Structure formats: structure tokens, C-alpha cells
Amino acid sequence: MPEPIEERVELEALPRGERLARMRHSAAHVLAEAMLELMPEAELGIGPPTDTGFYYDFRLPRPLTQEDLAWLRRRMRKSIGRRLPFRMEAITRAEAEERWRDQPFKLDLLAGLEDGAITQCTHGGFTDLCRGGHVNHTGEIPAFKLMSIAGAYWRGDEANPQLQRVYGALFETREELEEHERRLEEARKRDHRRVGRELGLFAFSDDVGPGIPLFLPKGETVRHLMESYVRELQERAGYQHVWTAHLVKGALFERSGHKEHYASAMFPPMRDGETELYLKPMNCPSHMALFNAEQHSYRELPLRYAEFATLYRYEKSGELSGLTRVRALTQDDAHVFCAPEQIGDEFARALALVREALETYGFTEYRVALSLPDAGGGGKFVDDPERWERAVAALRAAMEASGLAYAEEEGEAAFYGPKADFITKDVLGREWQLSTIQVDFIGPGRMGCAYTGEDGREHTPVLLHRAVTGSTERFLGVLIEHFGGAFPLWLAPVQAVIVPIADRHAPYAEAAATTLREAGFRVEVDARAERMNAKIRAAQLQKVPYMLVAGDREAEAGTVSVRVRTGEDLGAMPLANFLARVGRERETRALAP
């Protein structure tokens, strides 16, 4: 007989995170119970808690509808009202196989469990294979809502069956749930895929292929400004810009270890006779080959290479998402070849660069993760314990010397070394992993990188991998949502629109535009046969920072009437005064007028 293994839990005594996880996990079980009542032939997948709620995966005889979600929610509320106890029990493998003989996904999960570690959870007439973590009874499940339906492959593998995933949101109070829904609605308004289309920034084409973004003139302007800014920062910090080709021989990736550890993210090779050529998914092997093209002395170190390189990664089609998950991406990649004793200074230099860039873009709230390997990597990491130990010690020391607060995360390191990942919060409080600094004691040795030391002998340099904004495409997607498409003046593809009130004012408007363009500003004149207010509204919808109205009085006085995209009317001012104003705003890269 099953053996009970959990006593009553005092929810209020638990930390909020654990308490919510138990509530959300319990709600997932109640959702699965309701689904079996709606469709008894449903095959159950998994139902874990998430950061904002829960989900459950099902294989069902038909697609779910919004009406189904409403029915499931009512059925869940009924179960919650009955205050059904959750009971955790140990169960033998034979008992489990008998119970879930008609549930193939449960049997698949069961195959990965050790004997003696199989447990189940029951409430009312529903039982699920489960590791535990529940409230005492269904009545302790608070405010929730079933939010959406999505597709999901079993175990995240496209080779496996596709299931239907039902997402739910759950919070301790109705007010928290409503605030979550408000944030989701704001996120939908800011969705970079929609905003990018409305602002004419980028597009995707079936003729070109999935995950390969195409940038329209305004979008190319923004990405050029982003890359120029990072180039400026890097040159100021002593980086030299290089260029390496898109194609790389497979033998180079074999030496570097990428073919062994990164092959699933690489596109299939092309062949030139007996030679395999790959579209490069990263720059580091090419930069190490570039380092090896010349002889180096300790006096040259640290040597800092930087490149804006287009990379190609074979992301699964189901994981592609606008600009934030693409197959063709441009990385602001840099590699610093240095001596071991220079690691601390170079980390501090890279850290200062990252901090300046994030603050310029308005990302002032971020946390840092020290991403480490784990003991059971199972071939995920290069097997070189001594160098791993040195790299982890060096990175930890560099972070502590920089006064950087961090949390350690096992299993998240690159396959060749530990890294410091900067996880930034946007204006909606969502987290994005953007910048990274990595320490690599392994790659340079494998690639034969060497410099002549002060002792006249050859030494292997340490390699720091560093990206400020990561992928240009992903960072642009994040920026669009962070600013809601209303970029700061310096980054806006069109910085001002001049609106002539009537046709006779068009020559003055064009002359004013010429003055602004000669000062380096991106300006358009809206000379359409539309009303002034309609033109102003059109510019506001395009998130243009300034609208300049030109009529009789302005033409006579050499002024412009200035409106801000927020609706603020600054009144008339001489064109020279406006130029001085926006010149300061551009020079300081101000976030707002």
C-alpha cells in the first residue's frame, strides 16, 4: 500500500517564494484533474510551477478553445471550494506502472526515476506522479486565472509529440493577480514584433527563411547607432576592431571543442572537396586564429580584439521569437588575451564598460550571476578540472575585487569556462540576460595560442570573452519593449518632423530641415495635404521625439513651434535655440527631453 510521506505544512511560516511555488504546483494538479473530467482520454505530461503561475501539458483528442478554458476554470473553482486534502505517498515501481499504464508520458517519466524514489500526490479522486511541494488542501489555492494555450514538444524535443500547454497565473491576492494582468497588457502593447512592424524597423520573410531578420532603413539606422556607440566605448577602452569571415573550416571547431560541445547549435556543414566549412556560430576560434597569425610578446598584453560579427545558430523553429531569438545575429563580441596576473584589471575594465552602456540605455537595475559548471556535467563541459579550478578562482577574485555583488548558479557556465552574466530588469520588471564576461583558461591552450614571456619562454595567455549588449538583434528587441518604441533622441531613427501648416509654408519648412540636417539631425518634412493636427498625431504614433510646426508667424520670425511626442507644447523658439537644445540632448545621450 502507498505510504504517506508528508505531514501538514505551515504555509505562513514558509518564505513567500516557497509558499507561492506550493500554491502554483497544487493549482496545476487541480487543472489536470479538471482536464480529465473534460476529456477523459487526455494524456498527461508535466505541470510545474512558474515564476508567475503554473502550466500543464496535455495530449488531447482536439484543440482547446477559449470556451474550454472558461469551463476548466469553473471546474477548478469547484474543486478548490471542496477543500480537498493533498496527500503525498511513496509508491513502488510496479504500483506506478499499473496506475499509469494508459499514460505514456507518465511512464516515460517513471523510467527516469530510481526505485525507492517514486512518489505520487492525491487530492479527491485525482492522483499524479509527483515529487511533492503542495499546500494542505485545495482551499489554500488563492487567486488564479487560466491565461493561454500554447504548443509544446514533450521534453522540449521537436522529435517528440507536440502537446497542448495550458498556462495559468496565480498570486496570493486578487490585487496582485490584477496587477500581473495589467503588466501583461502593457507588455502586449510594447511587444517588439508589433511595435517594430508599426514603426517600420524590421521584417521577416518566408522567402528568406525563419529566424532571419531583415532591417528596413529606420531599423538599420537604430542598429547602426547602437553599434557605433559600443564601438566608441571599446575604442576608448583600448580595444582594436578586427574582422573575420562568416565561413570557418570544421577542423578549427574540432580543435576549439565547439564541434563536440556546441554541434546542436551549428548549421550543417558545406563541403569544398574534402574540406568541411561551417557558418560560424561564435567568434572565439577565429579570434584565436587571428592571434596566432602573429608572434606576440608579454609587452603587447593585454591584447583586445573586438568585432561586430554576424553569427548563425541553428535555433529550433519553435523557439524563434521576433528579434529576441533568431538564427542570424550580430554580436558585439570581444576577446582579451592577457597574462594571468592581468585578469583582475581586465575584468574591471570590461565591467566599467558594461556598466556605462547599461546606464546609458536606462538599465540601472540588474543582478550578476557567477555561472559555474556542475559536478555532474555529463560531457557538457570540457574535462579539465585543474584549469576549471583556476578559471573559477580567477573570476571570483576579479568580481570580489571589483566590489560586485553576485549569486552563484551551477550548471550555467560556458563549456570552456565560468562567466559573469548581467541579468537586467526592463521598465516592466522583466529580466533579460544581456552582457557577459567570461574567463577561459582552456581554449587558448587547445588552439596553440602563445606569447613570449619576460623569461624568454613561451606562455599560454588567458582569454576573456566579453559582450556588452550581446546580440544587436536581441538587444534591439529588448530596447523596443523597454522604451515602448519611443527611443531617446540620440537613438530615434527620425528625430524631428517639421509640419508646414499650409503649402506656402513648405519652403520655410524645407529650409529649416536643411539647417537641422547640416547639424547632423535626422529630420523629415510632412508636406502632405492633411490637417496640421493629423500630421502631429501621425508623428506621435511614429514615436518621433519632436514635432516642429511652421506657419506664417514662424516663417516671419525664423522660429518653430515645438511639440514633444508626449503632447507637451514648448511654444515657439528660434531655430538656433532648438538646435542648441537637441544638441545637448544628443551629446549627453539623455533618456528624455
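The expected span of a helix is taken as 1.5 Å times one less than its number of residues, and helices (H or I, at least four residues) and strands (E, at least two) are DSSP runs numbered from the N terminus. This is a predicted model, in which local features need pLDDT of at least 70, side-chain atom pairs count only at pLDDT 80 or more, and totals for chains, interfaces and linings use all residues. Residues are numbered from 1 along each chain as its sequence is written, and side-chain values use heavy atoms, without hydrogens and water.

**View A. Length of helix H12 (residues 385-401).** At 1.5 Å a residue, the 17 residues of H12 should span 24 Å, which agrees with the 24 Å between its end C-alpha atoms. Gly403, with a positive phi near 70 degrees, follows H12.

View B. Buried residues (under 20% relative accessible area; exposed, over 50%; partly exposed in between; 1.4 Å probe, protein chains only) of H12 are Trp388, Ala391, Val392, Ala394, Leu395, Ala398 and Met399.

**View C. The largest nonpolar core.** A nonpolar core is a set of buried Ala, Val, Leu, Ile, Met, Phe, Trp, Tyr and Cys residues joined through side-chain atoms within 4.5 Å. The largest has 66 residues, and Leu491 is among those with the most contacts inside it. Helix H11 (residues 343-360) gives the largest share, eight residues.
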